[in-house]
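Please open the model in your viewer and keep the selection panel handy. We will walk through it one stop at a time.

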Amino acid sequence: QTMTKSVLEAGEALVVEAVDNSPYISPRLAALLTARSMLAIPLITSGRKLGAAMISFSQPHHFSEDEIALAQLAAGQIALALARTQLYEAENQRADQLSAVQSVSQAVLSSLELKQIFQTVVDVLHNTFGYQLVSIYRLHGERLYLGAQIAYPLEKVFWEVPISTGILGRTVRTRQTQFIR
């Protein structure tokens, strides 16, 4: 049991005046700490648990009501800052993704060279969206032929796939997205 887990489960400030005798910290972990007294405050905003703040003393300490109230106010401000930062990061990520989609559209409109279009698409999917392995296959008759790929080791690349087999074949045959879990 850790103090962080305990305070997030409780959802309210936890005071530990003796870490070696606390229900919130495992004895094994308490033995490793240099802190003797701790105040843990959850970082919560709009019902979302974002983390925890810890105030510790290496000597035994009694936390006053004023210290606890001040720490809770500070934790509330920290939680708001964290939430705003997460929102900002999510908006930036979304903007990057929209820009990536725009660059794919631009590539499609500005080129008649399929190989270049395919490579642009796999690069964008890999670099912007963080997809680890990306490939695009082109259907010709009863077979799929690799148009572009990124990050596959060469010995794992399928250069051509019959549509009668595998997940790619099933995707073509059923005309439906296939999810593998």
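This is a predicted model: local features need pLDDT of at least 70, side-chain atom pairs count only at pLDDT 80 or more; totals for chains, interfaces and linings use all residues.

Residues are numbered from 1 along each chain as its sequence is written, and side-chain values use heavy atoms, with hydrogens and water left out.

Select residues 14–16, 37–45 and 48–57. Here 3 strands form an open, antiparallel sheet in the order 1-2-3. Strand 1 (14–16) and strand 3 (48–57) are the edges, each pairing on one side only. From one strand to the next, the twist averages 15°. Strands are DSSP runs of E, at least two residues, and helices are runs of H or I, at least four, numbered from the N terminus; two strands pair if DSSP finds at least two bridges between them.

Now zoom in on strands 1 and 2, which pair over 3 bridges. Pick V15: its bridge partner in strand 2 is L39.

**The helices.** Next, select residues 65–110, helix 3, which packs on the sheet and touches strands 1, 2 and 3 (contact means heavy atoms within 4.5 Å). Its direction makes about 40° with that of strand 2; axes are lines fitted to C-alpha atoms, for helices over the stretch in contact, and angles run from 0 to 180 degrees between N-to-C directions.

**The rings.** Last, show F129 and Y131, a stacked aromatic pair with 5.9 Å centre to centre and 15° between the planes. Rings of Phe, Tyr and Trp (its six-membered ring) pair if their centres lie within 6.5 Å; planes under 30 degrees apart count as stacked, over 60 as edge-to-face and the rest as tilted.
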